[in-house]
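Let's take a walk through this structure together, one neighbourhood at a time. Have the sequence at hand as we go.

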Amino acid sequence: FQQKKTICKNILYCPWTGIPYLDIVRILTDDDSFVSNTELLSYINEYFWPRIQSCTIQLAYIVRDIGREHKSATRQWTLNLSLFNKNYFHNAFIKTPYNSIVVCNQTSQETSIKIVDCIHSKLRAAFELTHLFENYSLSLLELTDLHAISKLISFNFFKCTIHYGPNFAYAVTLTYNSNQTQQELNSIVEGTFDLRFQTIKNTFLPTYHQTLSRKLILFLNQTRSLKQFIRLLHMTAIPLSSIARLDCFNRPIVFVNHGSCAQAILALVPYTESRWRLIFGQIFTLDIQICGPNLILVRDGSFSVQLNSSLSEFAPIPRLKEFLSVYADDRGLTFEFSDITNCFHEQDFIFSEQQASLLPLSSNQMTNQTLNTTNDSILQNSFMEITTQSPVASPSDIYDVIFRDSLPITSASMSSNVRSDHTDNQQLSVLYSYNRELLTKVNYPVYMTQHTFFQMLFTPDGHQWSKLESFLASSLLVRQFAKAVTEPADANNPTVRSTPNEQDTYRIEHLSLQISFVFDIPTTLYRICFISLFDSTSQQQQSNIFWSRDELQIMEIFFNNTFFPLSPLSNLIMPSIDILSLQASQNLSTAMGSFERMLSLIHPRILKDLVKIIGLEQNPESHHLWRARWCLAIPQGSGFTQVGQPAIYYMPSRSSFLFMFQFISRISQNDSQINISNTSTFIVPLIHDMISNQTTLWDGLNKQPTMGNEVKYQTIIKILHTLRETMNQNECSLYPSILELITRLQIPFTSNNTSS
């Protein structure tokens, strides 16, 4: 200890064991790590040591196990800080213990680290953590918001625990990790603060700050301000936990263009502690920035603000501004930390109508559910300076509005279109109406509050989708159709054309149809609408096809239920993985892309037959043995290896279409024991030749595993062959073939097998 310039008072011996212990008065503080931090050095000499009654180290011998003499013995050194009272910081809000003890373990093999170095390392941790809390204790006396958003649970000079978040359900433990290896001790590299996050209560939103632990550690070690760190935790707790609960994080999909590795649909890229990027299906991206205690900025991340250009790896999100307008709320621009009072935890983000369907996560789900994060090496690290000033007061902010001075000041009731999260006597009287201008600017963000951001991401449990997930999935399908229109099968003669001045509207002249993807802003739902272009005065019979109201309605119901299915629990669009076709590397391999290609090439009478087949599936008759469901993507459990691939394929060499139908038995429960073989569900792939008007079973079945359906396919071949001889050649053969199959397909009882 003398060689390390450690000033000791004396050596005392325990009267019972004779174990010596040493009182330390001062330790070495003239190395480079202390000299570079004059503020810490001054604090140690002027405040820390005078407030400590004694600092004692003592060797505690461990009883040796005689049966394990060959194993190395471990020595324990205890470092004991004794105080004069429980008020080290002279602050009623921070209680300190009379004695604080930390144990240092040392084995006989650890000869490279001396015990004096270990003691110095522990004391350095106490210096750093105590100095951090010294400034925090002064803030507790001046700022009331720190009491409302955090609660100090324990502090013992070496470790502290703080609760925060909704109902103080989250906990963060701070420690200081000083250099302990001999190589680090000889260097001038300083230690760092370490963080550990956990959820201490069974709450609806568990904490996910551990996913940002690296960024948060960098932030704390740079700012060395516990006040700013706690405010940052408050600002990011609910947005981050809301994002982490999204179901798309738990829905893995195989991306062909990423080495065929399974990834989640959503990925979170934390650029900084307060700026995140949310990537959907490696196609869409949202930039999210937490700018204040009640201010969140959301924008389309396909446009780079830094580069002032669009990013080639991401596509713009259709209708994003219309969707975000439902949750736009700029009251956070005037909301400061000083506005947070003790009644903060009495507010509830969940409306009463949502609490009925609320299902909190179990403890196993909280520990097992992980958030898919991506490497953050894309952008350089930058830190946001958190102050009590309004975020828009800084002209250097990349989201700063250049026309701030020209914006009018309006009342809160005029500029807010969502329910207030303040009580009646707390409403703000003045509010900047930034969103009114920003919604007209394509690349500008939309302001939200924590309340509206939470409502956008709200989901009762981990299995239902949020409004955001539903919107992104729907927008992806709309984009796939639009991209397919720009890539026609015949570039010289495109048959599906976009309508000028009408967004997401396309005309198909040879079918006399107009298809529109209508986005309803209040419900944030997409719907497909078909309009007949039939003109009774036109003389062109080939391109002037009449569509009845019932036919249009059948198509709308079927394609909406296929591409934009509504969940009965949440009334949100939840398309399946197969329909999203996220694993497709080309647009022709998507279900929506193949649907557009079919519309561009199909003959009107074939489409009318498909509409009749859809009508049979929607309204079956009593004598039908099967229900034939038209598949736009190959479903699971069908026996086909290309699960998720489009089930519509055009073969230009044969001028034929391949359609797949899922046959589902309609045998009643009482008859199921008699006709067991008819209760199976299987896929019937049919080839329709547009030139010869012949419908046959796909000849590629011999290359697919039929899962014991050989007898069924043989029977189908016979039925289609018999129908071909008696069918009227002036009508399309597709619908009569399906009608004949669902009426006559009966499998002999002897053909039953386990796969049927």
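Two strands count as paired when DSSP finds at least two bridges between them. With that in mind, look at Tyr650, which stands opposite Phe657 in β27. Keep in mind as well that this is a predicted model.

Let's stay with β27 for a while. Strand β26 (residues 649-651) is joined to β27 by three bridges, and the two run antiparallel. Four residues lie between the strands in this hairpin of β26 and β27, and Ser655 takes a positive phi near 50° there.

Strand β25 (residues 626-631) pairs with β27 over six bridges in the antiparallel sense, and here Arg627 is found opposite Ile664 of β27. Strand β28 (residues 681-689) is also antiparallel to β27, with nine bridges joining the two; Met660 has Pro685 in β28 as its bridge partner.

How many of the 10 residues of β27 are buried? Under 20% relative accessible area is the cut-off for buried. Nine of the 10 residues in β27 (residues 656-665) are buried, so the strand is largely enclosed by the rest of the structure.

Our last stop is a pair of helices. Two packed helices are described by the angle between their axes and the distance between the axes. For α18 (residues 604-618) and α20 (residues 734-744), the packing angle is about 25° and the axes are 8 Å apart. Angles under 35 degrees count as roughly parallel, which makes α18 roughly parallel to α20.

Which residues meet where α18 and α20 pack? From α18 come Ile606, Asp609, Leu610, Lys612, Ile613 and Leu616, and they meet Leu734, Tyr735, Pro736, Ile738, Leu739 and Ile742 of α20. Sorted by class, this contact holds 10 nonpolar residues and two charged ones, with no polar residues.

Key: Residues numbered from 1 in each chain as written. Predicted model: local features only at pLDDT ≥ 70, side-chain atom pairs only at ≥ 80, totals over all residues. Heavy atoms only, no water. Axes fitted to C-alpha atoms, helices over the stretch in contact; angles between N-to-C directions. Parallel < 35°, antiparallel > 145°, perpendicular 65-115°, else oblique. Contact = heavy atoms within 4.5 Å. Nonpolar A, V, L, I, M, F, W, Y, C, P; charged D, E, K, R; others polar. Buried < 20%, exposed > 50% of the residue type's maximum accessible area, 1.4 Å probe, protein only.
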